[in-house]
Amino acid sequence: MSKTLRLAILGAGTVGGGVLTLLRENADLLYAQTGKQFVVRHVVVRDLSKPRAVSIAPQVLTTDAQRAISDPRVDVVLELMGGLEPARTLIREALLHGKHVITANKLVIAVAGDELIRLAQKQRVRLLYEASVAGSLPILTALQGALGGNRITRIVGIVNSTTNFILREMEHAVEAGEPAEDAYANALRKAQELGYAEADPTSDVEGYDAQYKTAILARLAFLQYVPVESVYREGITHLSGRDLLWATRLQMGLKLLSITERLPDGRLCARVHPTLLPREHPLYAVRGAFSGIWLQGNGFQEMLFHGFGAGARATASAVVGDLIEVARHPRPLRFEDPSLRAGETAPLETLSMRYYLRLTASDETALRLVRETLHALGAELHPAESLANGIEQVALTPMLNEGEFQARLTALRQQTGVQIQVIRVL
Ligand SMILES: NC(=O)c1ccc[n+]([C@@H]2O[C@H](COP(=O)([O-])OP(=O)(O)OC[C@H]3O[C@@H](n4cnc5c(N)ncnc54)[C@H](OP(=O)(O)O)[C@@H]3O)[C@@H](O)[C@H]2O)c1
């Protein structure tokens, strides 16, 4: 058996740089774990002249991805470029060349995972993607291994650490007495300055990143193929500092949660939206730029994974873990991946849950009809408060059906002109 594992790394940015660093720093450890030396043959980038956080020998640095993925002296291709194309095509071609592939790319795996997983199976090579969900947290490996003998009933996660950081910053700001209306913009700016959010933050703040991760997580937890578009998505851009202030007053936390559960009728419901959760919930403690995944299963009962969901070294930890797996078990098992099985999904409208509502109106008269409707539905209303822009009142409802309740709120908004902020409660 060969004593080396030869690598082509596509991308030397945050994650690629982190992988090169860990491969160097931990070479002795990796040898001890696998009996192999990991040799980097190619590092593919867009711009050869760009300064790099890690030193890369000029003879391995290249812009020629085709040569890297087809090189017969390469065993494993690590796709760490990001984006849908050319990443998807390069992964497909690398598999066709008989290479194992490791990727951190949630977009490609969420959108084209079925096709690529089947191709890897056909080619008798490994395709691993632990880093694509929640950075360093070994959740995908656990679901397919140590926890695989459990029937998972629910999986709830904070899978986007950027939005978790922003929400925490908003909370700090309103607690410090800063204006609630500026809280989101200020927190986003800080996240961008610290490198937690990109210049174009859409994928994080509109919930797309969490939606891709949810599709992958749900598929592996519930062994059912989950199309990305079946995952309900709502981001955090409509949240105000007032909502964070109210969360504190109500002894709750406000998080962007990824939630997947099997309904009693057998359908799977997967969703991403801002959620209020009680302080006693294990995910409440997942604060700032961290990720957390809490799950329930019929054997282990419940479990929390908590740690760095992003960043160079944390993400590299998951990529290198996949490399160890490839080094130890280079041949996939001969069976159809059970997570590709077709199954039914349920829309959010079928669920029932509790809601937090924050009503804002210019005067009492406008509020009255909304208040009466909520009262009739059994909601608990907090005393109204006068603010600079009108009157604000917060209500918490009992369990209500999503579809019926949202339709009722749409009608109430049109009828009364009252602004109604709605946040689901876990
Ligand atoms: N950053 C994180 O914390 C994190 C966490 C989990 C997962 N991920 C995932 O990891 C992947 C990489 O993210 P990243 O943050 O490391 O991105 P990044 O810092 O932007 O780095 C991307 C790298 O890929 C290279 N690249 C991009 N397009 C290319 C192309 N068409 N041809 C050749 N090289 C190309 C870039 O080359 P140049 O340097 O020359 O521009 C750069 O070195 C993404 O899928 C991301 O979703 C990231």
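Biologist: What should I keep in mind before I start?

Modeller: It's a predicted model, where local features need pLDDT of at least 70 and side-chain atom pairs count only at pLDDT 80 or more, while totals for chains, interfaces and linings use all residues. Residues are numbered from 1 along each chain as its sequence is written, and side-chain values use heavy atoms, with hydrogens and water left out.

Biologist: At what angle do the axes of α2 and α12 cross?

Modeller: Axes are lines fitted to C-alpha atoms, for helices over the stretch in contact, with angles from 0 to 180 degrees between N-to-C directions. Helices are DSSP runs (H or I, at least four residues), as are strands (E, at least two), numbered from the N terminus. Here α2 (residues 27-34) and α12 (residues 312-328) have axes that come within 10 Å and cross at roughly 35 degrees. Leu30, Gln33 and Thr34 of α2 meet Val320, Ile324, Ala327 and Arg328 of α12, where contact means heavy atoms within 4.5 Å.

Biologist: Which residues have the most contacts inside the largest nonpolar core?

Modeller: The general idea is that in soluble globular proteins, nonpolar side chains tend to be buried together. A nonpolar core is a set of buried Ala, Val, Leu, Ile, Met, Phe, Trp, Tyr and Cys residues joined through side-chain atoms within 4.5 Å. Buried means under 20% relative accessible area, exposed over 50%, and partly exposed in between (1.4 Å probe, protein chains only). The largest core has 88 residues, and those with the most contacts inside it are Ile139, Leu143, Ile166, Leu217, Ile293, Leu295 and Tyr356. Apart from it lies another core of 32 residues, among them Ile9, Val60, Val76 and Ile102.

Biologist: Is glutamine 224 buried or exposed?

Modeller: Buried, because its relative accessible area is 4%. Glutamine 224 sits in the loop between α10 (208-222) and β8 (232-233), and its side chain reaches the backbone oxygen of glycine 343 at 3.3 Å.

Biologist: And which value does phi of glutamine 301 take?

Modeller: Near 75 degrees, which is positive in a residue other than glycine. Glutamine 301 belongs to strand β12 (residues 301-307), and it counts as exposed because its relative accessibility is 55%. Arginine 124 also has a positive phi, near 60 degrees, and lies in the loop between α5 (106-123) and β6 (127-128).

Biologist: Where is the cis peptide bond with omega about 5 degrees?

Modeller: It joins glutamate 85 and proline 86. Proline 86 is in the loop between β4 (76-79) and α4 (87-96).

Key: A polar contact is a pair of N or O atoms within 3.5 Å; within protein, one must be able to donate a hydrogen and the other to accept it, and residues adjacent in sequence count only if both atoms are side-chain atoms.
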